[in-house]
Amino acid sequence: MITCADISLQRKLYKQILIAESDVAGYGAFLGSSVAYPGDLIAEYTGEIITEEEADRRGRLYDKQACSYLFNLDEERCVDARQFGNKIRFANHSSKPNCVPKIKLVNGDYRIGIYAKQAIFQGDELFFEYMYDAHQRQQFVNNERVDDSEQDGLIILKRFPDNYILVRPSSD
Ligand SMILES: C[S@@+](CC[C@H](N)C(=O)[O-])C[C@H]1O[C@@H](n2cnc3c(N)ncnc32)[C@H](O)[C@@H]1O
């Protein structure tokens, strides 16, 4: 569902996010700020806006690698965060997530805000529910992620050396 913009997305009032090894799969995104309250904007899911056709083409490749950064914007367009996304693309899937994505119309553009569903504390891993197909959902359920050297984190991290912090903060 598309809803109207909120000020926090318009003003890019994002929380700090850290990347570290996930508790469930590969790398994950963790809250670096002290706390996020329900409804707070955490981050914006950014990337390349591509057509459904291109998403299908890339999706077949990503399926083979069992690692996808595609996010369906609407029936015709998709956001691919693999090459040009930001840290929130490392957020993993959960059926009981602490975050929820919302598509907002901001100054005529559709943007994807990732919002806190509940109170989230510094060092907590961030999850949202992916809207992938049944086959991929089953892979998550079975935890059948196949490792791929290009998607294992390090190559991507080298491409964006300034954007990533590989130390998980202590939650003490
Ligand atoms: C957007 S990436 C998330 C970051 C990823 N963990 C990484 O290291 O690059 C999405 C991919 O992470 C993996 N993934 C995400 N959530 C998962 C889960 N709950 N169980 C198993 N694999 C998951 C799948 O391979 C999925 O295609």
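Colleague: In strand 11, which residue is the bridge partner of glutamate 44?
Modeller: This is a predicted model, and in it strand 5 pairs with strand 11 in the antiparallel sense over 4 bridges. Within strand 11, the residue bridged to glutamate 44 is glycine 113.

Colleague: And which residue of strand 11 is the bridge partner of lysine 102?
Modeller: Strand 10, residues 99–106, runs antiparallel to strand 11 and is joined to it by 8 bridges. The two strands form a hairpin with 2 residues between them, and asparagine 107 in the turn has a positive phi of about 45°. For lysine 102, the partner in strand 11 is glycine 113.

Colleague: How many residues does the largest nonpolar core have?
Modeller: In soluble globular proteins, nonpolar side chains tend to be buried together. Here, Ile42 and Ile114 are among the residues with the most contacts inside the largest nonpolar core, and strand 5 (41–45) and strand 11 (109–116) are among the strands that each supply at least two residues of this core. Isoleucine 42 also touches Cys99, Ile114 and Leu126, among others, when residues up to four places away in sequence are not counted. The size of that core is 32 residues.

Colleague: Why does phenylalanine 84 count as partly exposed?
Modeller: Phenylalanine 84 has its place in the loop between strand 8 and strand 9 (92–93), and, leaving aside residues up to four places away in sequence, it touches Gly47 and Glu48. A residue counts as buried with 20 or more other C-beta atoms within 10 Å, and as exposed with 12 or fewer. Phenylalanine 84 falls in between because its number of C-beta neighbours inside 10 Å is 13.

Colleague: In which order do the strands of the 3-strand open sheet lie?
Modeller: Strand 7 and strand 8 pair in the antiparallel sense over 3 bridges, and phenylalanine 71 has valine 79 as its bridge partner in strand 8. Strand 6 (48–51) and strand 7 are the edge strands, each pairing on one side only. The order is therefore one with these two at the edges, namely 6-8-7.

Colleague: What angle does the direction of helix 2 make with that of strand 6?
Modeller: The open sheet formed by the strands in the order 6-8-7 is antiparallel in its pairing, with a twist that averages 35° from one strand to the next. Helix 2, residues 52–65, packs on this sheet and touches strand 6, strand 7 and strand 8. Relative to the direction of strand 6, that of helix 2 makes an angle of about 105°.

Note on methods. Residues numbered from 1 in each chain as written. Predicted model: local features only at pLDDT ≥ 70, side-chain atom pairs only at ≥ 80, totals over all residues. Core = buried A, V, L, I, M, F, W, Y, C linked by C-beta atoms within 7 Å. Contact = placed C-beta atoms within 7 Å. Pairing = 2+ DSSP bridges. Axes fitted to C-alpha atoms, helices over the stretch in contact; angles between N-to-C directions.
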